[in-house]
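Thanks for coming. I have one structure to go through today, so please have a look at it before I start.

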Amino acid sequence: MTRIALCQIPVDHDPKTNLETVREALARAEGADLAVFPEATLTRFGRGVTEAAEPLDGPFVTGLAEAAREHGTAVIAGVFEPAEGGRVFNTAVALDRTGRLAGAYRKIHLFDSFGARESELVAPGDTPVVVELAGLRIGLITCYDIRFPELARELVDQGADAFAVIAAWGSGPMKEDHWVTLVRARAIENTTWTIAVGQAPNPSARDSFGVGRSMLIDPIGAVRHDLGPGPAVQVGEIDAGLTEIVRRTLPSLEHRRLGIGGS
């Protein structure tokens, strides 16, 4: 069993405030092997991300590493890195329980939808990433990426036995329903544990980011935990043995017929 903390926190514009919120959440998640925080844990989305962006050896990730080491808990969280042309990368960092950087994933699919234009501020990544953390091989997925099933399938083909989906999901027409449906679909179609963690709403923010609804979903698609809309920290368990049982019962990954209809 791997103990997973879903850390559904509100995010402020101030990185120092957010780092303190991370530390408080880790204290509440004491005993967890891995704590997963939302997309953009460094700072809220907006024009200010270009000023707040830091390299991965900057003070925020260094602070995350110190907190991981202090609590003996691996951490996944969203940050922003400087990129060329005045834009930033929307990056998920993965730190092991000693604070070592185990991997970093730059968001591939940018949210130019529902009237938003993430690409004005964010440069796209181009490489799917699987990290080894807390005894698991975890495929990293960020927010809008969840709408693209080919990314999750590529991560499974690279050996992922769990997904960590971090988000700052925005409210809007059918948006919360889309979130719940999509994260469950990625778990079901890949028979893979899915850790989906979004920002909690921040009442002081004027944007629409953060609907909560962080979930831990098992390989058959059952929602083991749903944190609802408010700030919360919930520790659940991932049983790798269940994945083997589900995949024997539902061997859909083995039943793929690639190339049908192609030349």
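This is a predicted model: local features need pLDDT of at least 70, side-chain atom pairs count only at pLDDT 80 or more; totals for chains, interfaces and linings use all residues.

Start with the cores. The largest nonpolar core holds 50 residues. Within it, the residues with the most contacts are Leu 34, Ile 76, Ile 138, Leu 140, Trp 179 and Ile 195. Strand β9, residues 162-167, supplies the largest share of this core, with six residues. There is also a second, separate core of 35 residues, and Leu 26, Ala 35, Ala 53 and Phe 80 are among its members.

Back to Trp 179. Beyond its neighbours within four places in sequence, Trp 179 is in contact with Val 165, Ala 167, Trp 169, Ala 196, Val 197, Gly 212, Arg 213 and Met 215.

Next, helix α1, residues 15-28. Its 14 residues should span 20 Å at 1.5 Å a residue, and the end C-alpha atoms are 20 Å apart, so the two agree. Which residues of α1 are buried? They are Asn 18, Leu 19, Thr 21, Val 22, Ala 25 and Leu 26. These cover an arc of only 160 degrees around the axis, so they lie on the same side of α1. Lys 16 and Arg 28, on the other side of α1, are exposed. What do the buried residues of α1 pack against? The partners are β1 (2-8), β2 (34-36), α3 (59-71), β3 (74-82) and β13 (232-238).

Now the strands. In β10, residues 193-198, six of six residues are buried. In a regular strand, side chains alternate between the two faces of the sheet. Here Trp 193, Ile 195 and Val 197 point one way from β10, while Thr 194, Ala 196 and Gly 198 point the other way. Both sets are buried.

β10 pairs with β9 in the parallel sense, over six bridges, and Ala 162 stands opposite Trp 193. Together with helix α5, residues 175-190, β9 and β10 make a right-handed β-α-β unit. β10 also pairs with β11, residues 215-217, in the antiparallel sense over three bridges. There, Ile 195 has Leu 216 as its bridge partner.

Last, Arg 100. Where is Arg 100? It sits in the loop between β4 (88-95) and β5 (101-106). Its relative accessibility is 46%, so Arg 100 counts as partly exposed; the cut-offs are under 20% for buried and over 50% for exposed. Leaving aside neighbours within four places in sequence, Arg 100 is in contact with Ala 94 and Leu 95. Leu 133 is 33 residues away from Arg 100 along the chain, and their C-alpha atoms are separated by 11 Å.

Definitions and conventions:
Residues are numbered from 1 along each chain as its sequence is written. Side-chain values use heavy atoms; hydrogens and water are left out. A nonpolar core is a set of buried Ala, Val, Leu, Ile, Met, Phe, Trp, Tyr and Cys residues joined through side-chain atoms within 4.5 Å. Buried means under 20% relative accessible area, exposed over 50%, partly exposed in between (1.4 Å probe, protein chains only). Helices (H or I, at least four residues) and strands (E, at least two) are DSSP runs, numbered from the N terminus. Contact means heavy atoms within 4.5 Å. The expected span of a helix is 1.5 Å times one less than its number of residues. The arc is that of the directions from the helix axis to the C-beta atoms. Two strands pair if DSSP finds at least two bridges between them. A crossover is right-handed if, with the strands pointing away from the viewer, the path from the first strand over the helix to the second runs clockwise.
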